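Me: Hi! Could you walk me through this one? I'd like to start with how the strands pair.

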Amino acid sequence: MVEKDPRRNKMAKKSKRFKKKTKRIILFSSIFVAALIIIAAITFLVLNSKSESFVNTLNGTLDITPSSQSPTYYSCEQICSQNGFSKSYNFFTSCKAGETKITYGYPGQLPLFICCCYNEATLPIHTCTDTDGGDNKDVPGTVTYDNNINNRYMDSCFDATTVYEYRCNADNSWQGGKESCDSGETCISSRSGGYCKAHVWNPGDTVWEGSGAASIIGNSPQTSSIDLSQYGIGVDGNCRLGIQLSTAWQYANDKCVGIPGMQGVKWDFYDSNGLEYTRTDTTPVSLGVDLHPETHILNWDGHTKWIASMMPFPFQYPDCSITYEYTARIYIYDCL
Ligand SMILES: [Ca+2]
Ligand SMILES: [Ca+2]
C-alpha cells in the first residue's frame with residue numbers, strides 16, 4: 001500500500017482554486033468588455049443619428065452641421081441669412097418666382113422651418129418701352145413689356161374722339177386708359193396705332209349719319225340727340241354745317257283712319273340755339289328736307305346737342321299705332 005504524499009495533495013488543491021479564480025476573472029472581464037462595447041455602440045448610434053441630420057431637402061446649397069443635438073437656427077431669417085439671402089419669410093403655400101425654398105429639420109420628421117429666401121437684387125427685373133415716349137395721345141405708339149411680343153399694347157381709337165393710350169410707369173409696369181382728343185380733333189386709326197389729330201374737313205364730308213325705325217303708341221316724342229363734339233366738330237372752325245333729314249311714316253292699324261281731324265305727325269329739329277325746323281304731316285307722307293346755311297343758320301355751341309324729334313299730332317288717338325322711319329345726315333356745307 002502506497003501512502004499519499006501530503007505535500008503533493010496540498011499543491012493540487014491550491015492549483016484547483018487558482019484555476020477557478022482565473023475563470024471567474026475572465027468571465028467578469030468578458031461581461032464588462034461586452035457591456036462597454038454595447039454602451040459605446042449605443043452612444044455612437046445616438047450621436048450619429050443626431051449629428052449631420054439638419055438637411056436642406058430642396059435647395060441643395062444649404063450645408064449645416066450642427067455642433068450639438070439642438071437646432072442651430074430658430075428662424076427663417078437666420079436660415080436664409082446663413083445661406084446668403086438677405087430677405088426671408090415663412091413658407092405658406094408657395095414661394096414666388098426667383099425665390100429659394102429651404103426646408104430645415106431632421107430627416108423623417110416634420111420640418112422645423114420651411115422658408116422662402118431671396119435677394120432683392122436677384123428678383124426678375126422688368127422692362128417697359130413705349131414708342132411714343134410716354135403719355136402722348138397725339139402720336140401713335142406701342143408699349144412693349146419685358147421685351148416680349150406677346151406683351152405689346154398698341155394705342156387705339158376708343159371712339160371717334162377718344163384714344164386708348166398706353167404708357168410705362170416709373171417701376172417699369174405699364175398701364176392704358178382713355179384720353180379725350182382736344183376740341184376739333186378726331187381719333188385717327190393707323191397701322192402704328194390710334195392718335196388724335198385736328199380734322200381737316202372738306203365740303204360734302206359726312207360728319208354724322210344715322211337712321212332709325214320704330215312703331216309707337218303714345219304721346220311721348222321720339223327723339224334722337226347728336227353730340228357733334230364726339231365727331232370732332234369744334235366751334236372755331238371755318239366750315240358751315242348742313243343737315244339732310246328724310247322722314248316717312250304710316251298708320252300701323254285701322255284704328256287711325258276715319259277719325260275726325262285725322263291722326264297726324266309732327267317733326268321737329270333743334271340746333272344748339274333751339275327749335276330750328278318744324279313740320280306737321282296731316283297724312284302719312286315720305287319727305288326729305290335739306291337744312292343748310294342758305295336757308296337756315298344752324299348753330300353748334302360746342303356742347304348743346306342737336307335733337308331730331310317726332311311725335312303724334314295733335315295727340316295720339318286711342319289705339320292708333322304709327323310706324324315711322326328716318327335718316328339724318330350732318331355734313332359740311334361749305335368752308336371759307
Ligand atoms: Ca404711349
Ligand atoms: Ca400715343
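Reply: Happy to. Strands S13 and S20 pair in the antiparallel sense over ten bridges; strands are DSSP runs of E with at least two residues, numbered from the N terminus, and two strands pair if DSSP finds at least two bridges between them. This is a predicted model, in which local features need pLDDT of at least 70 and side-chain atom pairs count only at pLDDT 80 or more, while totals for chains, interfaces and linings use all residues. Residues are numbered from 1 along each chain as its sequence is written, and chains are lettered from A and ligands numbered from 1 in the order in which they are written.

Me: Thanks! Which residue in S20 is the bridge partner of serine 211?

Reply: Threonine 327 is the S20 partner of serine 211.

Me: And what is the strand order in that open sheet?

Reply: The order is S13-S20-S15-S18, four strands with antiparallel pairing. S13 (206-216) and S18 stand at the edges with a single partner strand each, so one side of each is left without a neighbour in the sheet. On average, neighbouring strands here are turned by 10° against each other, direction ignored, with axes taken as lines fitted to C-alpha atoms and angles running from 0 to 180 degrees between N-to-C directions.

Me: How many bridges join S15 to S20?

Reply: There are 13, and S15 and S20 (residues 322-335) run antiparallel. S15 also pairs with S18 (residues 286-291) over six bridges, again in the antiparallel sense. Threonine 247 has a bridge partner on either count: tyrosine 326 in S20 and leucine 287 in S18.

Me: Nice. Let's switch to the core. Which residues make up the largest nonpolar one?

Reply: Twelve residues, among them Val207, Ile243, Phe269, Trp300, Trp306 and Ile330. A nonpolar core here is a set of buried Ala, Val, Leu, Ile, Met, Phe, Trp, Tyr and Cys residues joined through C-beta atoms within 7 Å. Buried needs 20 or more other C-beta atoms within 10 Å of a residue's own, exposed is 12 or fewer, and partly exposed is in between, with C-beta atoms placed from the backbone. The elements giving two or more residues to this core are S15 (239-251) and S19 (306-313).

Me: What does phenylalanine 269 touch?

Reply: Leaving out residues up to four places away in sequence, phenylalanine 269 touches Leu245, Glu276, Tyr277, Leu291 and Ala308; contact means C-beta atoms, placed from the backbone, within 7 Å. There is also a second, separate core of ten residues, including Trp249 and Met310.

Me: How much of the chain counts as buried?

Reply: 19% of the 336 residues.

Me: Is aspartate 319 buried or exposed?

Reply: Aspartate 319 counts as exposed, because it has 10 C-beta neighbours inside 10 Å. Asparagine 147 also has a positive phi, near 55°, and lies in the loop between S6 (142-145) and S7 (152-154).

Me: Last one: which residues is asparagine 90 in contact with?

Reply: Neighbours within four places in sequence aside, Cys76 and Cys115. Asparagine 90 lies in strand S2 (residues 87-90) and counts as exposed, with 11 C-beta neighbours inside 10 Å.

Definitions and conventions. Contact = placed C-beta atoms within 7 Å.
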